[in-house]
Amino acid sequence: MNKNLFELRECALKEIENARKPSEIAQLKSKYLGKKSKISEVMSSLKNLPIEERRETGKLCNAIKKQIAEALKTKSEQILSESSFDIDITMPINKERGSLSPITIVGNEVCDILQKMGFAIVSGPEIEDEYHNFDALNIPASHPARDMQDTYWLGSNKLLRTHTSPCQVRAMERYGAPLRIAAPGRCFRNEDIDACHENTFFQLEGMCIDKNISIPNLIYVMRTILSEIFAQDVQVRLRPGYFPFVEPGFELDIKCLICGGEGCPTCKGSGWLELCPCGMVHPNVLRISNIDPDEYSGFAFGVGLTRLAMMKYHINDIRVFNTCNLEELDQFGIV
Ligand code: DAH
């Protein structure tokens with residue numbers, strides 16, 4: 001019996017000596033000192049031994065346990081001291097720090113502007129259901145507008161949201177009227193990717209519902225956002241646009257900031273840039289979310305944050321946002 005115990009001790013000490021990681025120390029501790037270890041087994045069978053042998057073996061077990069525990073402690077301290085970092089306080093600071101994405105920066109700016117006008121920032125799930133992404137926005141299953149949004153379907157009526165507009169519905173359901181919300185977020189469409197199109201992009205949805213809200217309120221809010229973002233007074237114009245959840249619906253353009261409206265390659269010679277679809281909330285949309293359209297009216301808009309970032313930082317290829325290539329991202333000089 002005692003011979004076995006000595007062999008066990010040799011084996012344990014050798015393994016402890018060879019350990020290199022804290023996890024190995026933990027394993028060895030459990031193997032040699034744990035409840036199921038050989039020594040624990042011997043100790044619990046001591047009672048079956050004749051008294052003399054019991055005393056001697058008990059003493060030996062305790063001594064070996066102590067030796068193993070000490071060896072584990074010493075080795076563990078050694079491993080920790082070897083792995084600790086040497087800190088050289090004279091080293092220059094690494095100045096290459098990360099920065100926020102241009103989309104995040106623009107998104108935060110728009111949110112700040114809207115918050116000052118009393119809008120609350122809300123969010124919604126990227127995995128949406130058909131009801132919030134389509135039906136509650138007055139786009140029933142048979143509606144041709146569904147085909148305009150190349151949807152990634154996930155099965156069981158789930159999909160990757162194709163726009164941030166479902167956040168309007170969730171906000172109406174949750175807070176009712178009056179309501180002022182803005183919801184920035186990522187959207188997905190099964191698009192072919194080129195310099196102007198990505199399958200993953202960012203929008204910011206805005207919605208304002210109250211008594212007597214009308215088109216001038218919409219124009220005021222849009223012009224304020226854009227003037228502040230571009231740090232100059234911008235001119236806007238509304239053209240008719242069709243979206244099932246607004247009536248009337250518009251495309252909002254701003255006068256080209258590059259050529260001042262003269263016509264240049266950026267605005268394709270027209271003098272105007274298409275920036276933000278918007279409109280007066282369709283009565284059906286209010287009704288579906290239990291808001292009485294005879295009492296309340298509202299406007300909504302969906303700014304393309306990716307587009308806005310491209311214009312603000314003169315980024316001419318949308319694909320750089322998803323490359324994760326630091327050299328390419330560094331070119332924006334906004335670190
Ligand atoms: N959700 C629309 C899209 O992605 C954009 C949009 C249009 C949002 C009009 C609005 C709106 O709130 O009023 O195509």
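## Ligand contacts

In this predicted model, an N or O atom in the side chain of R189 lies 2.9 Å from an oxygen atom of the ligand; a polar contact here is a pair of N or O atoms within 3.5 Å, and within protein one must be able to donate a hydrogen and the other to accept it, with residues adjacent in sequence counting only if both atoms are side-chain atoms. A polar side-chain atom of E205 is 2.6 Å from a ligand oxygen atom, and one of S165 is 2.8 Å from a ligand nitrogen atom. The protein buries 94% of the 350 Å² that the ligand exposes when taken alone (accessible areas by the Shrake-Rupley method with a 1.4 Å probe; for residues, only the protein chains shown count as cover).

The model is predicted: local features need pLDDT of at least 70 and side-chain atom pairs count only at pLDDT 80 or more, whereas totals for chains, interfaces and linings use all residues. Residues are numbered from 1 along each chain as its sequence is written, and side-chain values use heavy atoms, with hydrogens and water left out.

## The ligand shell

The ligand has 16 residues around it, of which H163, S165, R189, Q203 and E205 come nearest (a residue is near a molecule or strand if one of its heavy atoms lies within 4 Å of it). By class, seven residues of this shell are nonpolar, seven polar and two charged (Ala, Val, Leu, Ile, Met, Phe, Trp, Tyr, Cys and Pro count as nonpolar, Asp, Glu, Lys and Arg as charged, and the others, Gly among them, as polar).

Strands β6 (200-210), β9 (272-281) and β10 (297-304) each supply at least two shell residues. Helices (H or I, at least four residues) and strands (E, at least two) are DSSP runs, numbered from the N terminus.

## Backbone features

Two cis peptide bonds involve proline. One runs from A177 to P178, with omega near -5 degrees, and P178 sits in the loop between α8 (166-175) and β5 (179-188). Another joins E247 and P248, with omega about 0 degrees; P248 belongs to strand β8 (residues 246-255).

N138, a residue other than glycine, has a positive phi near 70 degrees. N138 is placed in the loop between α6 (130-133) and α7 (145-148).

## Domain arrangement

The protein is divided into domain 1 (2-82) and domain 2 (102-330), with bounds from an automatic or database domain assignment. The C-alpha centres of domain 1 and domain 2 are 68 Å apart.
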